[in-house]
Amino acid sequence: MYDEMVPVTENRPLTGGHFLLSVHAPRAARATRPGQFAMIQLLGRPDVLLRRPMSIYDLTAGNGRGRRKNSAPEEMQFLYKVVGRGTDLMAKLRAGDKVGLLAPLGHGFFEEEYLSQAREGDEVVHVAGGIGIAALLLPARQLARTGIRQRLFFGGRTKADLVGVEDFKPLVKQTVLATEDGSRGHRGFVTGPLEAYLARRSGKKILLMVCGPWAMLEATVSLARQYGQRCLVSMENRMGCGLGVCLGCCIRVVGEGHGAYQRVCTEGPVFWAEKVVWERERIPKT
Amino acid sequence: MARTSARIKASTRAKANNGGGKGAPAGEFVPKIDTTLAGVRFQNPVMTASGTFGYGQEFAHLIDLNQLGGICVKGISAEPMAGNPPPRIYETDSGMLNAIGLQNVGAKRFLEEKLPFLRTLKARCIVNVFGYSTEDYVRCIEILNEGDGIDAYELNISCPNTRCGGMVYGNDPRLTEEVVAASKQAARFPVIVKLSPNVTDITLTARAAEAAGADALSLVNTFVGMAIDAETRTPRISNITAGLSGPAVKPVALRMVYQTYRAVKIPIIGIGGIQSATDALEFLIAGAQAVQVGTANFYAPDTALRVVAGIREYCRRKRLHLSELVGSLKVPESPAAESSEH
């Protein structure tokens, strides 16, 4: 984990209010494992206190050279959507601006454990909802190097939300898209075509790797349970520190741990689906 | 303003020459910034606040913990506590709301798993203690008394986020007196009492704590606040109300330290929105003998160390020892004449 000020090299606007931010951070990039995240601090706005948690989308050689074989990465990329005050400020960053970077953080996709799971199985199916796609590219890259067959199921509200599909194409055997308004791929939620696929492949052993909004995670996890497939989820939550001390990002988990709650930033962000308590907790009345 | 600061400079220079000078040349003044409070010597007056620094180890690879004055660990209760359901935090302008619900590993596991590391540090180890009843506090302290390497307790009688919890104590001088007296009697180590700002007159609970034998006071804890999502008309935090911290609360916390300094004789540790040495200096000048850095640890882990360096530099520049700075606020003799300048 490194805490450093790093320069922005590019902040490229994509469709639907999405951006791809690149920063020059060789030390942090080299230490990153698939599924880990970073805390990004925006400077010059003292009223915006906290760093923002961001999935590490990709690692590149920089200078637009993409990723070369056997070369150590120099840059870290973040795929994000403008949804609030922090991401709104982030969208205004330009090449040469500095940001505070605390990275890499979290456990990622439990490399050793999931690689052996994936090898035993027939294939890996990535399931992304909206900006959840940002957590899945590095795992897909790593799995592609091992030769495991992969598919991507990717859903968004509209076609402008389906960013990054091109990055996955060389890595996966099949890409299945869905939009709620039907502007691209299947009309409806991505869990529709996913269920059809899991039903068709019921004899196979599939590892699901999922990231997206809570309702989509819940639906996907329920499908995985129904079809007897294992499922890893990359969780999202508000975070105060990313270091495991504020306890602000805790989610309810099954059994013991840090109480009945575990920290997304430290015990996660990736959890086995059966570890998470999916029933939404009601807000208590006073 | 200019006139006031000029006067401070003049008076402190005179003091410094008497105190640490020994006729040393101007450039060689070495300020003493260590401080002793509640019978414990701290190598500098900067600590990290409870709930913002875990058990210390989480920051070990980011900053040199041995340069801190002290570490106040996350509130410990006799039994482990699960905490509140999410969402637990929300960022506000220049501040943040939290309702963690005192999630912690419990006193026994703290002794086994967390204390051995803290014991190895030069920074003093202050254990924040929490309970739902006077018996809880006493039971927690009795377990912690076995611990080797604890320098002091900080009684949390002011957490706003647990139902029928500590704030009941923090709001009522009589209950404050009861829990402090019982804790003090049980405690093997000095007792610092952390006060709630959610009161009309903080000097009442401050005096009550002092009367019950508190060795020092720390103030303030978070301010009860809330935030609402207007789109969904739901609270931003599951607990509905939550504690506000960060730079937004600093002026109010500073005022409370100033008032308390004039009301009690025991030392005060100032807390509330400190993110720079200048912030910390304001608290020291208002009467705090030490400070705690809280929320800033989340977004700038090196804050406490920058504050230490800044205080040392200020004292060198002003030719002042820390002890001369504490409570050194210069109030213009005729406030009416002063305000007429504006």
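Which residues are exposed on the other side of H6(A)? The legends below, drawn from a predicted model, begin with that helix.

**Figure 1. Helix H6 of chain A, with its buried and exposed residues.** Helix H6 of chain A runs over residues 191–200, and its buried residues are Thr191(A), Leu194(A) and Leu198(A). Viewed down the axis of H6(A), these buried residues fall within an arc of 55 degrees, so they line one face of the helix. On the other side of H6(A), the exposed residues are Ala196(A), Ala199(A) and Arg200(A). The cover over the buried residues of H6(A) includes strand E8 (123–129), strand E9 (150–156) and helix H7 (214–226) of chain A.

**Figure 2. The fold of chain A as a whole.** Chain A contains seven helices and 16 strands. Its C-alpha trace spans about 55 × 55 × 40 Å along the principal axes. A compact globule of 286 residues would have a radius of gyration near 19 Å, and the 18 Å of chain A agrees with this. Of the 286 residues of chain A, 49% count as buried. Among the contacts in chain A with a separation of 6 or more, 63% join residues 24 or more positions apart.

**Figure 3. The two domains of chain A and the contact between them.** Chain A is divided into domain 1 (2–105) and domain 2 (111–234). The centres of these domains of chain A, taken over C-alpha atoms, are separated by 24 Å. Domain 1 of chain A gives 14 residues to the contact, and domain 2 of chain A gives 15 residues. On the side of domain 1 that touches domain 2, the largest share, three residues, comes from strand E6 (residues 75–81) of chain A. By class, this side of domain 1 of chain A has six nonpolar, five polar and three charged residues.

**Figure 4. The largest nonpolar core.** In soluble globular proteins, nonpolar side chains tend to be buried together. The largest nonpolar core here has 190 residues, and those with the most contacts inside it are Ala38(A), Val233(A), Val257(B) and Val291(B). Helix H8 (residues 277–286) of chain B provides the largest share of this core, seven residues. Domain 1 (2–105) and domain 2 (111–234) of chain A both give residues to the core, so it lies between them. Apart from neighbours within four places in sequence, Val233(A) is in contact with Val210(A), Cys211(A), Leu217(A), Val221(A), Val270(A), Phe271(A), Ala273(A) and Val276(A).

**Figure 5. The surroundings of Leu219(B).** Leu219(B) is found in strand E10 (residues 216–219) of chain B. With 27 other C-beta atoms within 10 Å, Leu219(B) is buried, because a residue counts as buried if 20 or more other C-beta atoms lie within that distance of its own. Leaving out residues up to four places away in sequence, Leu219(B) touches Lys194(B), Leu195(B), Ile202(B), Met256(B), Val257(B), Thr260(B), Ile268(B) and Ile271(B). Leu219(B) and Ala288(B) are 69 residues apart in sequence, and their C-alpha atoms are 9.2 Å apart in space.

**Figure 6. The contact between chain A and chain B.** This contact takes 33 residues from chain B and 28 residues from chain A. On the side of chain B that touches chain A, the elements giving two or more residues are strand E5 (89–92), strand E6 (95–98), strand E13 (234–235) and helix H9 (296–299) of chain B. By class, that side of chain B has 17 nonpolar, twelve polar and four charged residues.

Notes: Residues are numbered from 1 along each chain as its sequence is written. Chains are lettered from A and ligands numbered from 1 in the order in which they are written. This is a predicted model: local features need pLDDT of at least 70, side-chain atom pairs count only at pLDDT 80 or more; totals for chains, interfaces and linings use all residues. A nonpolar core is a set of buried Ala, Val, Leu, Ile, Met, Phe, Trp, Tyr and Cys residues joined through C-beta atoms within 7 Å. A residue is buried if 20 or more other C-beta atoms lie within 10 Å of its own, exposed if 12 or fewer, and partly exposed in between; C-beta atoms are placed from the backbone. Helices (H or I, at least four residues) and strands (E, at least two) are DSSP runs, numbered from the N terminus. Domain bounds come from an automatic or database domain assignment. Two residues are in contact if their C-beta atoms, placed from the backbone, lie within 7 Å. Ala, Val, Leu, Ile, Met, Phe, Trp, Tyr, Cys and Pro count as nonpolar, Asp, Glu, Lys and Arg as charged, and the others, Gly among them, as polar. The radius of gyration is taken over C-alpha atoms; the globule rule is 2.2 Å times the number of residues to the power 0.38. The arc is that of the directions from the helix axis to the C-beta atoms.
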